[in-house]
Amino acid sequence: MRLLIVGTLKGQLTTATKIAMDNGASVTHAEATEQAMAVLRSGKGADLLLVDVALDIRDLVMRLEAEHIHVPIVACGISNDARAAVAAIHAGAKEYIPLPPDPELIAAVLAAVANDSRDLIYRDEAMGKVIKLAQQIAGSDASVMITGESGTGKEVLARYVHSRSGRAKRPFISINCAAIPEHLLESELFGHEKGAFTGAIARRIGKFEEATGGTLLLDEISEMDVRLQSKLLRAIQERVIDRVGGTKPVPVDIRIIATSNRNLSEAVREGTFREDLLFRLNVVNLKIPPLRDRPADILELAQHFAKKYAEANGVPLRPISADARRVLTSNRWQGNVRELENTIHRSVLMAQGDEIGPEAILTPDGDRLDLAKTAPAVAHATFAAEQVTRALVGRTVADVERDLILETLKHCLGNRTHAANILGISIRTLRNKLNEYADGGIPITPAGSGEHQRFVVAG
């Protein structure tokens, strides 16, 4: 994580710097707002700004917005003046930290505001195969395409690949191609020169240059405009980029990882995605299965999130009850890991007693997940399946086999040949079974009849 500290609070920010670095952050300093903007434009970048409350935070926020720089701000100050803290929050800061800094508070803010906690949790064999492939190709510089439904953890896997590569100590830069307007995305990727367009008040380094030496994640690349795709293709092929308004190419050294929740082969056929770009990006495809297809991961992730949000909210860590586990594993999880995480977060807050029970597993509307409304056909099928399962539990195999044979014979109106074919057994085996049942006094459907009568089958 990259932290930019803005201000000159003597001694206090030095302590904050040490705490941040102890928590794995790389730290850059700027004495004033203009210097901070110069750092951000230069390509050094930051995931979080820690800003002296004595500075004009509102002015800093407005400057960031004017240049389309998106980075959270945490204000800090040695004063106990509550009004200064409130004013900083109103100006656009996410949090306020009093100085001298508390190590645990700094660490918590770094994780929460910068969202730097992205653990790769898995147990299911289906996900294990994906991770094994990721490990095999991580050390190379090959471009990687990560595909999967929304919420499956594509960015988490991208960071995992970066962390196991030779570029692990260099920047990991992510840009969401779907979240940035088309007319701004080119500048975000390749940077721009001063005066290149209205609002370009200074040279700004783009994500390609910012990621030099490291990894660039192009999230949801399928949403990129076709015109910009051609410029991206050139950057990947020739390892040079052109800043908007620039006059000479700029060399870059990066590894590209791209993600998509769409079928890019279909997008190629539809003419919305360049085939040559897909070939360049799709050297290796890591296809993440949806959560419903990796059931062993559901409980592993649920336990992880239960611990995470119990600690975050200061509530007791409660185990997930057996009934609640059944509810979790039977759900379809259309929103995948993201939906599961939000559900467990709610359950941690709503749980009472010693365990997280099914009554705490709720939808966003507050309904119990196991009682949520479903389509009538789905609900009926689910109910029928549950009834069949309950009917089998506690019975012997011989009893179940007997009932299956007798019900099949009844369905065939006593026709032994048809019943044997359906059951997948020989007619002789069927006759032997029926003789056994008849000797035990069990009614057997006679040939050509739908009525139950007791009779002895001839051998």
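Tutor: What follows treats the helix pair, then the annotated residue, then the cysteines.

This is a predicted model, in which local features need pLDDT of at least 70 and side-chain atom pairs count only at pLDDT 80 or more, while totals for chains, interfaces and linings use all residues. Residues are numbered from 1 along each chain as its sequence is written, and side-chain values use heavy atoms, with hydrogens and water left out.

Two packed helices are described by the angle between their axes and the distance between the axes. Here the axes of helix α6 (residues 125-138) and helix α7 (residues 154-163) come within 9 Å and cross at roughly 35°. Axes are lines fitted to C-alpha atoms over the stretch in contact, with angles from 0 to 180 degrees between N-to-C directions; helices are DSSP runs of H or I with at least four residues, and strands are E runs of at least two. The crossing of α6 and α7 is right-handed, that is, the near helix is turned clockwise from the far one by less than a right angle. On the α6 side, V130, I131, A134, Q135, I137 and A138 meet L157, Y160 and V161 of α7, contact being heavy atoms within 4.5 Å.

Elsewhere, D52 lies in strand β3 (residues 48-52). An unreviewed UniProt entry places "modified residue: 4-aspartylphosphate" at D52; such annotations may be inferred rather than shown by experiment. D52 is buried, at 7% relative accessible area, where buried means under 20% (1.4 Å probe, protein chains only). A polar atom of the D52 side chain lies 2.9 Å from the backbone nitrogen of A54.

As for cysteines, C76 is buried at 1% and C177 is buried at 3%. The disulfide count is zero, with a pair of cysteine sulfur atoms within 2.5 Å required.

Terms used. Buried < 20%, exposed > 50% of the residue type's maximum accessible area, 1.4 Å probe, protein only. Polar contact = N/O pair within 3.5 Å; in protein donor to acceptor, adjacent residues only side chain to side chain.
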